[in-house]
Amino acid sequence: MATLLNTIEDRTARDICTQHSDAPAELLEILHEVQEVKGFLSDGALRTIADALNISRAEIHGVVTFYHDFKKKKGAKQTLKICRAEACQAVGANELIEKAESHFKTTLGGESITTALEATYCLGNCALGPAVMVNNELYGRVDLDRLVEISNAHKGDS
Ligand code: FES
C-alpha cells in the first residue's frame with residue numbers, strides 16, 4: 001500500500017534524492033543536480049522530489065520559482081548575467097551592457113525570444129572584469145565578441 005502512495009515519476013530525481021539520504025536540508029543541491037542531468041525540472045521530477053523529501057509541492061514550487069537558475073521547461077531561454085558592480089563598471093561593464101542590449105535585442109532585466117540579460121553585482125572576479133556568468137560558468141574580460149562566443153558555446157545547454 002505504501003508503494004502506491006509514493007510517487008516515483010522520475011527515476012533520476014529519485015536516485016539523486018536517495019544519494020542525499022532524502023534530506024530536506026539538501027533540497028537546493030538535489031534540484032541543481034537533477035537540472036544538471038535532465039536539463040530542466042519537470043513537474044514529474046518536482047513531485048518525485050517533494051514526495052522523497054516529504055515536503056509539500058507548494059514548498060518546492062516556491063523554491064524553484066524563487067531561484068532564477070532553475071528551469072521548468074526544456075530549452076528555456078539562455079540567461080547571460082553581466083556584473084555591473086563597481087570594479088566591472090570601471091573596466092567597461094556599462095559599455096558591454098549597451099552593446100549586449102543592442103546585439104541580443106533586449107534590455108538588461110528583459111528578454112528576447114532566446115536570451116535574457118540579467119544584472120548581477122560582483123561575481124568575485126573583480127580583477128578580470130567585465131565579468132559574466134552563463135549556466136554557472138564564470139568568464140572574465142568579456143567584450144561583445146567574447147559574449148557572443150560564450151552565448152553560442154552555451155546554446156546546446158538546455
Ligand atoms: S565587480 Fe564584477 S566581479 Fe566583482
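1. Helix H8 spans residues 144-153 and buries Leu147, Ile150 and Ser151. Buried means under 20% relative accessible area, exposed over 50%, and partly exposed in between (1.4 Å probe, protein chains only). Helices (H or I, at least four residues) and strands (E, at least two) are DSSP runs, numbered from the N terminus. Seen down the axis of H8, the buried residues fall within an arc of 100°, so they line one face of the helix. The arc is taken from the directions from the helix axis to the C-beta atoms.

2. This is a predicted model: local features need pLDDT of at least 70, side-chain atom pairs count only at pLDDT 80 or more, and totals for chains, interfaces and linings use all residues. Residues are numbered from 1 along each chain as its sequence is written, and side-chain values use heavy atoms, with hydrogens and water left out.

3. Asp145, Glu149 and Ala153 are exposed, on the face of H8 turned away from its buried side.

4. The structure holds 6 salt bridges. The term means a side-chain nitrogen of Lys or Arg within 4 Å of a carboxyl oxygen of Asp or Glu. One of them joins Lys38 and Asp10 (3.2 Å, N to O). This pair links distant parts of the chain, 28 residues apart: Lys38 sits in helix H3 (residues 27-38), Asp10 in the loop between helix H1 (2-5) and helix H2 (11-19). Lys38 is partly exposed at 31% relative accessibility; Asp10 is buried at 5%.

5. Asp22 and Arg14 form a salt bridge, with the closest N and O atoms 2.9 Å apart. Asp22 is partly exposed at 24%, while Arg14 is buried at 17%.
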